[in-house]
Amino acid sequence: MNLKELILNIVNDESYEPITIKELEKYLQADKYTRNAVYDVLRELEKENKLRISHKKRIMPLSDEELSLVGQIQLAQSGYGFFISENKDFKDVFISKDNLNKAFDGDRVKIEITKPAEKGRNAEGRVLEIIERGNTKIVGSYQQSKGFGFVIPDNKSIGQDIYIDKKFSKNAKNKDKVVAEIIKFPKKGNPEGRIVDIIGHKNDKNVDIYSLAAQHGVPYLFSKETKKEVLYLDKEVKDEDTENRTDFRDLFTVTIDGRDSKDFDDAISIDKNGDNYDLYVHIADVSHYVKKGTALDYDAYDRGNSTYLYNVVIPMLPKELSNGICSLNPNVDRLSLSLKMTIDRKGRVIANDFYKAVINSDYRLVYDDVNNFLDGKDQSVYEDELLKEKLLLFNELHKILREKREDRGAIDFNFTESQIDVTDDGKVLNISVHERGSGNKMIEEFMLAANETVATLFGYMDFPFMYRIHEQPSKEKLDGFKRALNTMGYNIRGSELHPKDFQRILEEVEGENEENVINMLMLRTMQKAKYSKKRDIHFGLSTEFYTHFTSPIRRYPDLIVHRLLKSYIENKLTKFNQASLEMSLEKSSEHLSMTERRSEDTERDVEDLMKCKYMRRFIGDEFTGTISSVTDFGIFVELENTVEGLFMYKFSPDRFEYQEESLKAINVDNKKIYSIGDEVKIRVLDVDIYQRNIDFDLLEENETVSEQQESIS
């Protein structure tokens with residue numbers, strides 16, 4: 001624990017009585033060499049608004065009110081923002097553009113309340129002080145002038161262009177997409193910066209995708225050191241690599257992945273063991289090649305995970321590893337960490353063993369073919385009788401595991417996912433609904449079982465570990481979900497809901513028109529799953545023990561778990577300093593939860609970009625869609641192909657009234673009522689590629705499916 005953390009722990013302790021700086025120095029036994037350090041840290045903490053020093057030099061913890069008025073700014077495209085307090089119970093505060101006081105998106109600020117909250121409206125505030133700049137790197141287009149230039153930010157919420165002196169331009173050309181770092185925030189005039197990276201010219205192939213990745217801070221270039229290390233990697237498994245490993249090369253093994261997949265990090269084998277099943281899950285032994293402390297390891301940790309952007313993949317590991325020596329390609333030897341689970345007819349794992357192993361996959365199977373075979377659509381897709389026998393056995397076990405998971409209340413969402421077909425140069429050919437087939441669900445079930453088994457092992461040992469947790473939904477979100485369900489005619493009671501309650505709702509709406517909407521609403525109600533050194537429930541899976549173990553090629557948390565598991569197999573866990581490991585896992589959990597969110601945000605933005613590219617060709621066309629959300633500013637409608645657009649009240653000649661309690665919108669002029677789940681007709685009005693928005697017009701001449709003759713009240 002460093003000096004800053006130590007002082008904060010003292011000051012924020014429940015039994016703390018305010019003491020002076022001299023008393024703190026005495027308590028810390030500071031000598032003449034360390035007193036200056038204590039004083040500097042105290043001033044730094046005061047500047048960061050983490051404590052307060054009174055005029056009598058007493059060190060004071062911040063009051064609840066003071067803590068509530070420190071937090072982060074989140075800007076909207078229109079330039080206004082919201083203040084998100086560090087006190088999670090404090091509601092967001094609206095900050096107008098004029099009251100931002102030059103705060104940028106992500107800045108840590110201190111505010112004051114200028115107008116208290118009213119019913120249905122957030123409190124309003126003003127930024128008093130910018131404590132810490134959150135994001136000093138801006139992605140945008142370079143506009144060249146004589147002797148200087150400007151970077152025009154892609155993020156329109158940044159209301160000012162960045163001034164670039166010619167000496168800081170890095171020889172960028174006009175209309176280049178660049179990353180600029182702000183180096184000065186003058187009291188007057190534009191922020192000043194320097195160009196740190198040139199992404200490419202505005203019209204270059206996929207420059208829009210790489211710009212979004214850079215905007216979110218996703219690293220997409222490997223370091224020079226990593227590129228050098230890759231040159232010395234083995235291209236194939238050597239004999240000495242297989243020493244002291246269990247030989248599973250004679251075990252019938254397959255991989256099942258998407259047709260376009262190139263990195264195969266899991267393979268499976270199965271045998272019947274009396275009435276039980278022996279399921280083997282083999283995972284690529286990435287830790288054998290990616291050693292702690294190397295440039296490869298640093299770059300992988302920095303990325304945290306691979307980011308999949310349709311025709312562009314930003315991998316966690318260089319392709320020499322992800323598609324090469326680590327990938328469990330067919331008919332070649334590969335190193336693995338293998339888990340053997342003996343599973344009974346009720347789906348219980350009654351025995352398990354872990355191995356450092358070597359395997360040789362017999363087949364590289366693709367989901368489409370496996371789905372067709374298991375679903376009886378094409379029995380001739382495979383000729384190998386042993387392969388067909390094993391697939392049927394896999395499927396038999398899959399159904400047992402799935403039934404057990406459903407019995408305990410695990411939530412299996414059934415919302416539609418987008419299948420977006422994109423060419424190498426970024427042209428969107430088609431958008432449709434992605435179907436999860438039997439093969440996809442089977443592999444998912446086996447990976448869930450493996451992850452849970454590994455977590456259970458470390459959970460019962462009570463050894464420091466990285467868990468994947470999913471906390472219960474908040475009361476506020478639950479209340480909103482219940483209200484939305486009520487508007488669609490589904491009643492749900494009880495102040496606290498359990499996984500089985502959610503599962504019952506999904507079963508009730510299966511096959512109904514509003515099924516997809518309710519699945520999405522339920523997903524939005526859930527907390528965000530995250531990594532943690534502390535064991536906690538996984539609400540969605542209805543389990544006490546869960547981790548990520550099965551994808552070390554594309555997720556760094558899995559690599560951490562592999563290293564711990566390998567130490568367990570080698571009986572080396574006792575060599576760990578557990579206190580140090582706990583601190584390391586806590587730091588890694590926070591970082592890797594952040595990188596996951598970062599990638600998800602980037603993937604979501606790129607998906608919106610692709611949908612906008614596709615829908616530009618349909619401006620003026622009419623479609624049928626389903627209302628997915630009703631807000632105080634407009635109605636969101638989702639089309640059958642998963643594209644979502646917004647009908648805004650302010651652009652309609654009619655007057656609309658929003659009923660917050662019932663989540664309905666009423667056309668005041670013709671008394672029509674619009675609710676979540678209603679089927680409506682829309683016309684595509686406009687598509688904004690840069691802000692990734694699609695505007696719809698609601699066609700009033702077509703009646704909504706659920707035309708309730710309710711009075712406006």
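Here are a few questions and answers about a predicted model.

Q: What is the mean pLDDT of the protein, and how many of its residues reach 70 or more?
A: The mean is 90, and 98% of the residues get to 70 or more. On a scale from 0 to 100, that mean is the predictor's own confidence.

Q: Where does pLDDT stay under 50?
A: Over residues 702-713, a stretch for which the model has 24 contacts beyond four places in sequence.

Q: How do you know that the span of helix H10 agrees with its number of residues?
A: H10 runs over residues 385-407, which makes 23 residues.

Q: What makes Asp-384 a cap for the N-terminal end of H10?
A: One of its side-chain oxygens lies 2.9 Å from the backbone nitrogen of Leu-386. The cut-off for such a polar contact is 3.5 Å, so the pair qualifies. Just after H10, Gly-409 has a positive phi of about 105 degrees.

Q: Which residues touch the most other members of the largest nonpolar core?
A: Out of 81 residues, they are Ile-256, Ile-268, Leu-321, Leu-391, Phe-394, Phe-446 and Phe-458. Helix H11 (residues 438-461) supplies the largest share, 10 residues. A second, separate core has 65 residues, among them Leu-506 and Phe-647.

Q: What is the helix and strand content of residues 620-699?
A: The chain there is 0% helix and 60% strand. An unreviewed UniProt entry annotates this stretch as "domain: S1 motif".

Key: Residues numbered from 1 in each chain as written. Predicted model: local features only at pLDDT ≥ 70, side-chain atom pairs only at ≥ 80, totals over all residues. Heavy atoms only, no water. Contact = heavy atoms within 4.5 Å. Helix = DSSP H or I, 4+ residues; strand = E, 2+ residues; numbered from the N terminus. Expected span 1.5 Å × (residues − 1). Polar contact = N/O pair within 3.5 Å; in protein donor to acceptor, adjacent residues only side chain to side chain. Core = buried A, V, L, I, M, F, W, Y, C linked by side-chain atoms within 4.5 Å. Buried < 20%, exposed > 50% of the residue type's maximum accessible area, 1.4 Å probe, protein only. UniProt positions renumbered as here; feature names shortened; annotations may be inferred.
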